[in-house]
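Me: I would like to go through this structure with you. Please keep the answers brief.

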Amino acid sequence: MQRLFRTLDAMTAPLRRLLLAVAALALAACAASTLIVNEWQAPDPGPAVKRILVVGMLRDSSIRRTFEDEMVAALRARGVDAQPGYRVLPDEGDVPRAQLEQAVRAAGATGVLSARVLQVSNQTSVIPTAPAYWGPPWGFYGWYGPAWGPVYAYPYPLGAYPVQVVTTQTVYGEVRLFSVLEDKLLWAATTATFAPNNPREDSAQFARLIVGQLAAKGLI
């Protein structure tokens with residue numbers, strides 16, 4: 001029996017390495033994906049907003065600038081005259097209302113699109129790397145009854161194979177579109193971004209999703 005297990009191990013080792021390599025490549029290749037978790041729209045939003053100041057409320061100034069640039073690019077691609085907030089607002093922290101009003105006037109905006117991070121969640125998964133053991137080579141009739149019982153245990157000693165630890169990060173955010181002329185909220189949404197790893201690519205994908213939704217609703 002031990003010889004059988006060693007044979008199975010030798011046969012499946014290349015396959016195990018291949019599967020782990022494919023999994024690693026898949027994780028590396030997967031760009032972050034953003035979903036809109038929920039959203040709200042004013043019942044009377046009025047005409048589309050065509051001059052927007054984008055404000056990323058992010059403490060990392062480089063990420064903020066990258067985010068605002070990508071959001072501005074997505075808005076301009078839809079025919080909106082958009083400006084990044086970092087040109088008229090400080091990189092971090094609260095500012096007086098008078099300064100905000102001055103910044104909006106300087107940008108010539110009739111609307112403000114703001115975004116902020118609500119929460120960052122990290123989930124850790126432990127993946128065993130031991131080769132699979134499918135149990136005795138029964139046919140269907142011999143397999144059916146025992147299959148209702150406990151799952152087959154791995155026939156390998158505990159700790160004989162390393163485990164792979166994978167940590168997945170999810171960033172929850174909030175996006176709001178305000179009318180400056182009426183000083184009211186037009187649209188709001190909460191978002192979830194899974195496995196962010198490249199600020200520019202993640203921001204571009206986020207911007208396309210949000211701007212596409214705003215356009216579909218006739219808000220821009």
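Me: Which element gives the most to the lining of the largest pocket?
Reply: Helix α3 does, with six residues. Please note that the model is a predicted one.

Me: What is the volume of the largest pocket?
Reply: The volume is about 1,000 Å³. The elements that give two or more residues to its lining are β2 (51–57), α3 (97–107), β4 (111–128) and β5.

Me: Which residues lie nearest the centre of the largest pocket?
Reply: Val55, Met57, Leu89, Leu100 and Val112 do, out of a lining of 32 residues.

Me: And what is the lining like by class?
Reply: The lining of the largest pocket has 15 nonpolar, 13 charged and four polar residues.

Me: Back to α3. Which salt bridge is there between Arg97 and a residue of that helix?
Reply: Arg97 pairs with Glu101, and the closest N and O atoms are 2.8 Å apart. Both residues belong to helix α3 and are four residues apart, about one turn of the helix.

Me: Is Arg97 buried or exposed?
Reply: Arg97 is exposed, with a relative accessible area of 58%, whereas Glu101 counts as partly exposed at 33%.

Me: How many salt bridges does the structure hold in total?
Reply: The structure holds 10 salt bridges. One of them joins Lys217 and Glu39, at 3.9 Å from N to O. Lys217 lies in the segment after α5 (199–216) and Glu39 in strand β1 (residues 33–41), so this pair ties together parts that are 178 residues apart in sequence.

Me: Which residue forms a salt bridge with Glu70?
Reply: Arg200 does, with the closest N and O atoms 2.8 Å apart. This pair links distant parts of the chain, since Glu70 is in helix α2 and Arg200 in helix α5, 130 residues apart.

Me: Why does Glu70 count as buried?
Reply: Glu70 counts as buried because its relative accessible area is 17%, and the cut-off for buried is under 20%. Arg200 is partly exposed, at 42%.

Me: Where is Met71 placed?
Reply: Met71 is in helix α2 (residues 61–77) and is buried, with a relative accessible area of 1%. Its C-alpha atom is separated by 9.3 Å from that of Leu113, 42 residues apart along the chain.

Me: Finally, how many helices and strands does the protein have?
Reply: The protein has five helices and six strands. From the N terminus on, the elements run α-β-β-α-β-α-β-α-β-β-α.

How values were computed
Residues numbered from 1 in each chain as written. Predicted model: local features only at pLDDT ≥ 70, side-chain atom pairs only at ≥ 80, totals over all residues. Heavy atoms only, no water. 1 Å grid on protein atoms, 1.4 Å probe; cavity = no way out; pocket = protein on both sides within 12 Å on 5 of 7 lines; lining within 4 Å. Points joined across faces, edges and corners; volume = space filled by probe spheres on them. Nonpolar A, V, L, I, M, F, W, Y, C, P; charged D, E, K, R; others polar. Buried < 20%, exposed > 50% of the residue type's maximum accessible area, 1.4 Å probe, protein only. Salt bridge = Lys/Arg side-chain N within 4 Å of Asp/Glu carboxyl O.
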